[in-house]
Amino acid sequence: METLTHILNGFVVCMQPMNLWYTFLGVLMGTIIGVLPGIGPSAGIALLIPITYGMNPTSALIMLCGIYYGAKYGGSTTAILIRTPGEAASVMTSIDGYEMARKGRAGAALAVSAIGSFIAGTIGVIGLTLFAVPLASMALKFGPAEYFTLMLFAMTAVSTLTGESPAKGVIATIFGLMIATIGIDLQSGQARYTMGIPEFQDGVGFVVVVVGLFAMAEVFRGLEDIYRGTSAKAMKITGKLWLTKEEWQRSIGPIWRGGIIGFVIGVLPGAGGTIASIMSYTTEKRMSKHPEEFGHGAIEGVAGPESANNSDTAGALVPLLTLGVPGGGATAVMLGAFIMYGVQPGPLLFQNRPDLVWGLINSMYVGNIMLVILNLPLIGLFVRLLYIPVGILYPLIVAISVIGAYAINGSTVDLWLILIFGVIGYVFNKLDIPVAPLVLSLVLGGIMEQSFRQAMTISGGELKIFYNSGITVTLLAMSVISVALPFVMPMLRKLGSKGDES
Amino acid sequence: MADRIILACTVVLAGVYFWATAQIPTLELGDPLGPKAFPRMLGVGLLLGAVMLLVEIIRNSAKARLSADKGEVSDEPKWDKHHWLVVAIAVWTAVYIIAFEPLGFILSTASYLLALTVAFNRKRWLMNMLTSVLFAVISYFMFTKLLGVNLPPGILPF
């Protein structure tokens, strides 16, 4: 009952003209960031944190969250018209979406993306509303040991699921944790790994790391593409921006299924939007009566994945808001943003700041309505962004990153850091080392160490606190399984195939 | 090959990290673990990652030998010839950062942008000129006067 009052009150918060305006700004920037190659939601959010510093946290978070889910809408436009995903999770859309565009049905592809994103995005927010309270009240019982094992599970799942190679994921995760240990240790007051640089005493900020890894590295890659002449040209929108009755009938099933798949995958740590859209694509292909059309412009191949990657964003906010532990790179950046505004997400937030939590969640209903308007009737405006010459766009992204990084402390140390992490991100990409685990562990590293040490203080230095409760044992077992599985699976498969042969 | 370099770098990093951890002075008061325990775990974790990578390398080379036997081409090096291009951009960006405070935001940014746009958006001089100068000037005034972000004025009087 009390919860219902909080939820209704949240609508009052998000309908305040000021917050409506920030929702609009957020989803507008999200769409633009999604359409433009070279800058994704993570870098966009990180760059805005120093500039919005000092704003009312509710409004600021509503806006940053708008960027996060808005980018998924914009990403599909680029995927359909250029065949490069404007945002990583749109990679499946670029297969059949681009084929549809080549056959003169770009309008239908864009329409089904926007409508599917809207329906699935709303399904996701409803799921978030339903699951938030029970999970948050469960998490109230969590002590430092439970939190430590939960973060361990989030990290192991992300490190083994994001890239091709689990080992590289683990290395990236530990590298992020090591960066997190730079700076003054909060418990002993001891400076660690500062290399004599005074700015490092406060640690290496996650904003510069994210801007470096996601914006600068993308610029290096993009400029290299121009030089090689592999950057593609945008197609014109062809066909009516709406669906025929037949197309609609073919799309509605994939949209619903995609919405549910995306939400479930989103809640689980590690997988994320890309895997959600791949799963939706394979599901639709398997269920389809004409699987041979997939890859040649099947509308189901656009409707399903596009829906899945939109409800995934709402799903990914469930662990972030209720437990305070993000399950992927982009939500890790959101956690960083929460902390910068002095807001600690987690179960207590639902008790102490219901206005903020529900104002934020409910703003997503409104934001999705705004997004479907921006991305359907107004799509023509955003498509023009694709005609900006990339040779101008990428240099401007560097300049914007420099402004954002300098705004944090007014120090050139942060500029050097974005350059260094830009180079690291570029090299990691070439070597297939995933960067999402690095960002997650960098943001969580400090909290993780604190909860580990708190747990050890409670237990008087005994490690058994980590296997005393059912929750910690389950989480530890899941962490071990997620690391071991990629190594054991091939062996099991070998055993299985030998069994078949005999 | 690339994976072997990663493996070597990982082991070196773990070694450097262990060494740096040993350099942290400790005063163990009330905190049973102190500032070194968690970093030591990380060092061990990184070595564990290195072992995982070693297993993957061995497994992949076995696979590559199999496919080589079948006459398939291995997709091993994804490196291409344009590293020097990225090095050049990185160096030019470093020059920009060095000049950022002494020259000021407007001059350093406009020249940084001009050089890059001329190199990557060829033959459109007017467009490149206008974008570089206008972006630098407009963003400077927007951020310093409207959004309260401090950017260095440098040698220009405003």
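**View 1. A buried glutamate in chain A of the predicted model.** In this predicted model, E224(A) counts as buried because its relative accessibility is 1%, which lies under the 20% limit used for that word. E224(A) is found in helix α9 of chain A, the helix that covers residues 206-228. The side chain of E224(A) makes a polar contact with the side chain of K430(A), at 3.3 Å.

**View 2. The largest nonpolar core.** The largest nonpolar core has 196 residues, and the members that touch the most other members are L64(A), V204(A), F338(A) and L151(B). Helix α6 of chain A, residues 106-139, gives the most to this core, with 15 residues. From chain B, the core draws at least three residues from domain 1 (2-69) and at least three from domain 2 (83-146).

**View 3. The surroundings of V204(A).** When residues up to four places away in sequence are left out, V204(A) touches I179(A), I182(A) and V209(A), and also L417(A), F421(A) and L442(A).

**View 4. The interface of chain B and chain A.** Here 62 residues of chain A are in contact with 65 residues of chain B. Between them the two chains bury about 5,700 Å², and 79% of this area is on carbon and sulfur atoms. On the side of chain B, the residues that lose the most area to chain A are F38(B), M52(B) and I97(B), which together account for 12% of what that side buries.

View 5. Across the interface of chain B and chain A the rule finds one salt bridge, and the side chains of K168(A) and D3(B) meet in a salt bridge with an N to O distance of 2.9 Å. Seven residue pairs are found in polar contact across this interface, with both residues at pLDDT 80 or more. The elements of chain B that give two or more residues to the side touching chain A are α1 (2-23), α2 (37-69), α3 (83-103), α4 (105-120) and α5 (125-146). Of the side of chain B that touches chain A, α2(B) gives the most, with 14 residues.

**View 6. The two domains of chain B.** The domain assignment of chain B gives domain 1, residues 2-69, and domain 2, residues 83-146. The centres of domain 1 and domain 2 of chain B, taken over C-alpha atoms, are separated by 39 Å.

Methods
Residues are numbered from 1 along each chain as its sequence is written. Chains are lettered from A and ligands numbered from 1 in the order in which they are written. This is a predicted model: local features need pLDDT of at least 70, side-chain atom pairs count only at pLDDT 80 or more; totals for chains, interfaces and linings use all residues. Side-chain values use heavy atoms; hydrogens and water are left out. A nonpolar core is a set of buried Ala, Val, Leu, Ile, Met, Phe, Trp, Tyr and Cys residues joined through side-chain atoms within 4.5 Å. Buried means under 20% relative accessible area, exposed over 50%, partly exposed in between (1.4 Å probe, protein chains only). Helices (H or I, at least four residues) and strands (E, at least two) are DSSP runs, numbered from the N terminus. Domain bounds come from an automatic or database domain assignment. Contact means heavy atoms within 4.5 Å. Buried area is the accessible area (1.4 Å probe) that two parts lose on being put together, summed over both. A salt bridge is a side-chain nitrogen of Lys or Arg within 4 Å of a carboxyl oxygen of Asp or Glu. A polar contact is a pair of N or O atoms within 3.5 Å; within protein, one must be able to donate a hydrogen and the other to accept it, and residues adjacent in sequence count only if both atoms are side-chain atoms.
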